Amino acid sequence: MTQDELLKIMTDYGRAWETQDPDLLCSLFTEDGTYQVTPFDAPHKGQAALRSYWERMPVADQRDIKFTLGVCNAVGSTGYAEWITNFFQVSGRCNVEIRGIIILEVEHGKISELREYWKSYHSGHQKWKKQKKDGSPSSSTPTSNPDPFSPTSNPSLTYPQPVSTPSTSTDLKPNLKLLISPLHTPSNNPSNQQGKSGSKKSRKRVRL
């Protein structure tokens, strides 16, 4: 498979997704071709299974689909392609952005095996509103999808601030006092008290 052949396959794949066209998708695969959506799912095998999956997911549950093709590379009969897809999910009523990588095997210009690895980001949940009675513009258009890797739109991606360390030795002096136990001070040590009393007695004896 050449680089141009891989680009054509992936371009048609993206168009089949954007236009929600099961016929175009199935035309890219061999008769017994497989489509594995995630590494933990059983692959969809054969034209009937591929059509059923495409009609159930992109056709029935996605709107305003935009597919963006990234880096592609062909090595022998294996192709690697990076992609990003944005759409509105009907069932979840939210905007979705998916970033992933496809690995596919090609035989005689058609896909015999396709495997996907991806991560999705959901935003704008319940942002679609009904048409207003006063005739004002409807918000039937989904809200803009923020950058999923921006800390302002996804606070969970913010990183903790580094802990400051003392800059001078004087900052450590208050902590050193905690290391001295009252049991070891000269005034509270019984042996030292006995030594003091013994010295007083000895001085008295000398005076006598």
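The model is predicted, so to speak of local features we need pLDDT of at least 70, while side-chain atom pairs count only at pLDDT 80 or more and totals for chains, interfaces and linings use all residues. Residues are numbered from 1 along each chain as its sequence is written, and side-chain values use heavy atoms, with hydrogens and water left out.

**View A. The largest pocket and its lining.** The largest pocket has a volume of about 270 Å³. Of its 19 lining residues, Tyr53, Met57, Gln62, Ile98 and Trp118 sit closest to the centre. On a 1 Å grid over the protein atoms alone, a pocket is an open set of points where a 1.4 Å probe fits, with protein on both sides within 12 Å along at least five of seven lines; lining residues have an atom within 4 Å of a point. Points are joined across faces, edges and corners, and the volume is the space filled by probe spheres set on them. Helix 3 (47–61) gives the largest share, 5 residues.

**View B. Strand 6 and its partners.** Helices (H or I, at least four residues) and strands (E, at least two) are DSSP runs, numbered from the N terminus; two strands pair if DSSP finds at least two bridges between them. Strand 5 (residues 94–107) runs antiparallel to strand 6, joined by 13 bridges, and Gly100 has Trp118 as its bridge partner in strand 6. These two strands make a hairpin with 2 residues between them, and His108 in the turn has a positive phi of about 55 degrees. Strand 1 (residues 29–36) pairs with strand 6 (residues 110–123) in the parallel sense over 4 bridges; here Thr34 partners Glu113.

**View C. Helix 1, end to end.** Helix 1 (residues 3–18) has 16 residues and spans 23 Å from first C-alpha to last, close to the expected 22 Å, which is 1.5 Å times one less than the number of residues. Leu6, Ile9, Met10, Asp12, Tyr13, Gly14, Ala16 and Trp17 are buried. Buried means under 20% relative accessible area, exposed over 50%, partly exposed in between (1.4 Å probe, protein chains only). Just after the helix, Gln20 takes a positive phi of about 55 degrees.

**View D. Glu5 on helix 1.** Glu5 belongs to helix 1 and is partly exposed, at 42% relative accessible area. Its C-alpha lies 9.7 Å from that of Val106, 101 residues away along the chain.
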